[in-house]
Amino acid sequence: MVLESYHAVNFAEWIGPAAKVWLIALLALFVGFAVLRWLLAVIRQGPAAGTLSTMEFLLAAAADLVLLSPRRTLALAGLTIKESIRRRIVIVFAVFLILVAFAGWFLDPGSNQPARLYLSFVLTTTSYLVLLLAVFLSALSLPADIRNHTIHTVVTKPVRPSEIVLGRVLGFAAVGTVLLGLMAAISYVFVLRGLDHQHDFSAAAREQLAVLWREARRGDSTSGITVSTDRVQNHRHTVYFDPSQETVDEQGARRGAIRTDMENGHEHEIRYVVPVDGEPQFSCGPPENHLLARVPIYGKLRFKDRAGKDAEKGVNVGDEWTYRSYIQGGSLAAAIWTFENLREEQFPDGLPVEMTLGVFRTHKGDIEKGVPGSLSVRNPATGDEAHVRTFASREFQTDLQVIPLEFQTGDGRTINLFRDMVADGKLEIWLRCVAPHQYFGAGQADLYLRARDASFAMNFVKGFAGIWLQMVLITGFGVLFSTFLSGPIAILATGGALLGGLFSDFLYQLSQHKVYGGGPIEAMIRLVTQQNVVTELPPTAQTTVAQMLDKAAEQWMWLIWHMLPDFRVLSFSDHVAYGFDISWGLLALAICQTLAYVGPAFVLAYVFLKSRELAQ
Amino acid sequence: MNPRRLLLRKMIYVGLMIPLVLLLAVLGMPAAPGAKGAPGSPGGVLARLREQHELSPTTLGDIDPTSETLKLATLGLRGVASTILWEKANNYKAKKDWTNLAATLEQLSKFQPNFVSVWRFQSWNLSYNVSVEFDDYRDRYHWVIRGLHYLDKGIRYNRNEAILVWDSAYFVQHKIGRSDERVQFRRLFKQDDDFHGSRPMARRDSWLVAKERFEDCLEVVDRGGRMRGSPLLYRSNPAMAQMGYAEAIEKEGTFGEVARREWKQAGDEWHAFGSIDLPRTGTETTMRLNDYEPRLEQRKALADQLDALEPGLRERLRQEKLAALTEEQRKALDTPPEKRSTRQMDLAAQAEASIKVDHNEQARRIRGENRRKALDLAKKIDAIDDELHSLRSSRGIVNFEYWRLRAAFEQEADTVDAREAIYRGQQALAETDLVAAKRSYEAGLLKWRQVLDRYPQLLADENTRSITVDDLGEAIDEYRRVLKLLDEPFPEQFVLQDVLDYHQANQ
């Protein structure tokens, strides 16, 4: 389980420089606009009148933006809500309900990680539906009002253009919030119900258990047995019944409570009563530990090569995916994570290290066993290193290794973890592969300290908060474009901003000429002539022209990439689906990013609306 | 436009629409079953064409409501949706996100349930490519089985596609029965209640399950299903799976009557395979692999008849051809083969080819009343030669003679005893009981001597010999190792000296 694009964000460190860049950009935008406005005014009205009119415009704009009336703004927001309801937003809700109702047809609860599948589905579906709704509602509203002249019923009242814009944004946001709230509640119930199941035991397993309990009653020593549950949702669990752990009540009934093994990402608690006469009663609890919100503490990863020298990366074993790089077994190669700000009180029960490693074998070895690896801790200040334990690898599974607060090393030393190994809150964890000629693969987020578990419900809400922020952002863009574009064009522009934001990484790759098949014109030629993306186009004049046009397009794309928000920063679907807590810092960063775009979009929308005749 | 013209235009439209709708109704009328056994209506032209070309989903296999709904929901953009899903699947595979890969493949199969390549490609992907990404053999097994389940689903939707059934048989045979992890996989496969359901424990062997599935594939082919590849190969599969089973149980320590019975079964099935009518490439006729020997005899009888029509003619013709050779060719032919130079070898080969007397030539030289009969006989020999050529080639492809011989000698009590003794030796060696190991190896190798004496063909032709030598060479090497560990010399008069000589020559 890998959360490749993890965000180890320290909000306090991020906000200062980010705010500085934002303010500079904003100032540049303001100055640029003011100069342009002044130049136009000077050309039209002459220097003195032009300067005066620009001053007047700026003062009026400042007044409009500062002296907003909450009452009027809310009244306009109310109108927007009514309009949205009139536009049958309920259809979007109905589509969502239909999708959820039939999701069981194509979501497989028997998958290896059903929770991840279900959560990804609800978050993705909600996200797409709400964002589409935001695009259409926000981009069509003002142009429709202008076309129908209904805008005049508003602008003829004593309202400021800024209040019209803000009212629309708030109104659409309110509608989206209610809709999103309902969807979140339904999604939560859907996920819980979809994953809920219980297990029982087959007649054969019950017979085996009956023999065990008869022997236990007779006092024959017995070490317990392992039986399998029945198959539900394409999996079964293994359960170990140990008579020595059972209690016997006054009537002689044996009682026990045991946990199943982890299967398909969850486990169950099974309580049972075995009366002296009669059938045993089993009560299987709901699935547990599949809906998690782990709070990880990430370290910074570095490598040592086989000779023990510092290396930027490990070995590439030929994987297409370069997220992990590999360390050679039986050598001095190591993957080292350095953690900071660790405090003893955070870890009263030891240091819980969770890791998901890749394994690469250059020879079969003993395939009945995992490849052995070792974990050590090292004091970054003194360089003192202590071997904690050797373990067998479990590829593609999250393996938990708890480093005790006090432990003995192989050479007999007693190590107090925080006293001997942690220096100024810093600690290094060294991972090595022990088996010669075998390899371990490690990526940045593959090893972390599972500090604690946060509430899953709260994490789920935070996941939806991410969608809400995206919706608000798109609403801001939609209202902005609708102030100076006609309805269909505004939809295209808003949709374009959404797509650009969602595929921001692709846009960047495209602008840097890093995508196979060239730019848009070259790609079109390849499509029409049915050429694959890796062969060189023939060196003709047509190709040269196409590539020159693509060069120009790439510059534009680079500019657009810089201007558009990166929607991935606002999307927390992976965090929720993969069971990682969305930190408040990350949420705060997302909120700041949203405000950083929505604020200027609001001001620009106001300026465009004010410039139009109808609002004057 | 005035209202009258508008009305007129509407009436024209309606007038045009009515015959079109009627035509469409006639063409597209669905087929209807008849009541109580009476013949039903075959439906309109479109329905009949659909039936004829097996394009109707009901003739292809089960219908999945989800799949149909999804196909409709894409509003004709099924191709685009499928392309996106293929792309996503590739991406998930590259990033080792197996949960999402499996989910995407499920969706993909719903969009393209009757596209055989999807099932074939993606089931292979799961069973072969994804499974090996896991380090733990249990996880690997899990993904092999997932691929098989995926294929099983494809079979349900495409019941006439025999190739899917063949694939599933091949996966079980090859991936579970032959892969590097076969020991572990075969163990897990036997214990897999979920896969086998009510199949009795004795039948839960990967080779037997593969055989069942190969037979299912042939059933689909025989009822008119589509199959790719050569019938020669896919018709041999069930018997080959039985051979594999007999071989596998011996490797796992089952000998005695059980092993002999399974080898006998394999021999019987191989013989039955040899009796199947197989198409002869390039002709409309069929052939049976078992017919090779009878045809050879037939040919000999015909050739004798031809010789009898004019006794001595063949030899006379040969002498004439000999006389026509150049001095250099004759000299090359007279030189013993081991003493020939490279040029002489070429010349001798040319000479040998040119002095060969062809039966057509022989027939043409016969004059008088026997000439017609001679030409008829030559024609018959030609036909048999053609068939023999096809038979030789086909038998070579499936290694027919080797497997026939193998099934025959493996069911001998001596062979089973020999294999058992070698197996005991290997077990003893693994447990470092060297004295017991030596005893078992010697007993086993002695038994092998008896088998080889009874079946000299095992060392006769090159192909059979190389397989036999590979098989026994391993046991000889192990025996040598045991002696070395015991600090004893390898016997000078070794019981399988001939095999050892070949083995050392190979090395």
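I note first what a strand is here: a DSSP run of type E with at least two residues, numbered from the N terminus. I also note that this model is predicted.

**Entry 1: two loops in chain A**

I looked up A:Phe396. It lies in the loop between strand E15 (385–392) and E16 of chain A. Buried would need 20 or more.

Next I checked A:Asn289. This residue sits in the loop between strand E6 (281–284) and E7 of chain A. The phi of A:Asn289 is also positive, near 60°, in a residue other than glycine. A:Asn289 has 14 other C-beta atoms within 10 Å, so I wrote it down as partly exposed.

**Entry 2: the sheet**

I then followed E7 and E16 into their sheet. The sheet is open and has four strands, in the order E7-E21-E12-E16 of chain A, with antiparallel pairing. Which strands form the edges? They are E7 (294–298) and E16 (399–403) of chain A, and each pairs on one side only. Neighbouring strands are turned by 40° against each other on average, direction ignored.

Strand E12 of chain A covers residues 351–355 and runs antiparallel to E16(A), with five bridges joining them. I picked out one residue, A:Glu354, and its bridge partner in E16(A) is A:Leu400.

**Entry 3: chain A as a whole**

Chain A has 16 helices and 21 strands. Its C-alpha atoms fill a box of roughly 105 × 65 × 60 Å along the principal axes. There are 616 residues in chain A, and 35% of them are buried. I also checked contacts between residues at least 6 apart in the sequence of chain A. Of these, 73% join residues at least 24 apart.

**Entry 4: where chain B touches chain A**

How many residues of chain B are in contact with chain A? I found 19, and they meet 20 residues of chain A. Helix H6 (residues 98–111) of chain B gives the largest share of the chain B side, with seven residues. By class, that side has nine charged, six nonpolar and four polar residues.

**Entry 5: domains of chain B**

I listed the domains of chain B: domain 1 (3–53), domain 2 (70–228), domain 3 (289–401) and domain 4 (412–506). The C-alpha centres of domain 3 and domain 4 of chain B lie 42 Å apart.

Note on methods
Residues are numbered from 1 along each chain as its sequence is written. Chains are lettered from A and ligands numbered from 1 in the order in which they are written. This is a predicted model: local features need pLDDT of at least 70, side-chain atom pairs count only at pLDDT 80 or more; totals for chains, interfaces and linings use all residues. Two strands pair if DSSP finds at least two bridges between them. Axes are lines fitted to C-alpha atoms, for helices over the stretch in contact, and angles run from 0 to 180 degrees between N-to-C directions. Two residues are in contact if their C-beta atoms, placed from the backbone, lie within 7 Å. Ala, Val, Leu, Ile, Met, Phe, Trp, Tyr, Cys and Pro count as nonpolar, Asp, Glu, Lys and Arg as charged, and the others, Gly among them, as polar. A residue is buried if 20 or more other C-beta atoms lie within 10 Å of its own, exposed if 12 or fewer, and partly exposed in between; C-beta atoms are placed from the backbone. Domain bounds come from an automatic or database domain assignment.
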